[in-house]
Amino acid sequence: SLPDVRATLEAAHIQHSGRALSKALDLAQEACSLYQRVTEAPAHPGVVRCLDLMASILFDAGEPAHGAANAIKGLGLAVQIGGFDSPDVIGTHLIIFQMLV
């Protein structure tokens, strides 16, 4: 259910803030998979949020290339969902910019 997915994503955020990066990544991946199953759609704003979180976790773990790859996937989905000028697209652009600088 969506509340379970949101709880899983929130737990991933908590683990990320606590620097438990491996656990945070596992939870973010689980949340992403659950969003796709629960909503029956690969392009959902929750999936974009999961991909953005995974990108940040990977960047913090010293894997900027993998982080950027996840952010780029999130960017593609955000464009599909909200168009080129949606707030999610702008936010994802900023995440990618920070990783590549």
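Visitor: Leaving out residues up to four places away in sequence, what does Pro 42 touch?

Guide: With those neighbours not counted, Pro 42 touches Gln 36, Val 47 and Leu 77, where contact means heavy atoms within 4.5 Å. This is a predicted model, in which local features need pLDDT of at least 70 and side-chain atom pairs count only at pLDDT 80 or more, while totals for chains, interfaces and linings use all residues. Residues are numbered from 1 along each chain as its sequence is written, and side-chain values use heavy atoms, with hydrogens and water left out.

Visitor: Where does Pro 42 lie, and is it buried or exposed?

Guide: Pro 42 lies in the loop between α2 and α3, the helices (H or I, at least four residues) and strands (E, at least two) being DSSP runs numbered from the N terminus. Pro 42 is exposed, with a relative accessible area of 55%; buried means under 20% relative accessible area, exposed over 50%, and partly exposed in between, with a 1.4 Å probe and protein chains only. The C-alpha atoms of Pro 42 and Ser 1 are separated by 16 Å, the two residues being 41 residues apart along the chain.

Visitor: Stepping back, how many helices and strands does the protein chain have?

Guide: The protein chain has five helices and zero strands, so that the order from the N terminus is α-α-α-α-α.

Visitor: And what is its radius of gyration?

Guide: The radius of gyration of the protein chain is 13 Å, which agrees with the value near 13 Å for a compact globule of 101 residues; this radius is taken over C-alpha atoms, and the globule rule is 2.2 Å times the number of residues to the power 0.38. Along its principal axes the C-alpha trace spans about 35 × 30 × 15 Å, and 39% of the 101 residues count as buried.

Visitor: On to α3: what span should it have?

Guide: Helix α3, residues 45-60, has 16 residues and should span 22 Å at 1.5 Å a residue, and its end C-alpha atoms are 23 Å apart, which agrees. The expected span of a helix is 1.5 Å times one less than its number of residues.

Visitor: Which residues of α3 are buried, and what covers them?

Guide: The buried residues of α3 include Val 47, Val 48, Asp 52 and Leu 58, and their cover includes α1 (2-17), α2 (21-39), α4 (64-82) and α5 (87-100).

Visitor: What do the buried residues of α4 pack against?

Guide: They pack against α3 and α5, and among them are Asn 70, Ala 71, Gly 74 and Leu 75. As for its span, α4 has 19 residues and reaches 26 Å from its first C-alpha to its last, close to the 27 Å expected.

Visitor: Is Thr 92 buried or exposed, and what is it in contact with?

Guide: Thr 92, found in helix α5, is buried, with a relative accessible area of 0%. Leaving aside neighbours within four places in sequence, Thr 92 is in contact with Val 48, Asp 52, Ala 71, Gly 74 and Leu 75.

Visitor: Which residue other than glycine has a positive phi?

Guide: Arg 19 has a positive phi, near 65°, and Arg 19 is found in the loop between α1 and α2, where it is exposed, with a relative accessible area of 52%. Most residues other than glycine have a negative phi.
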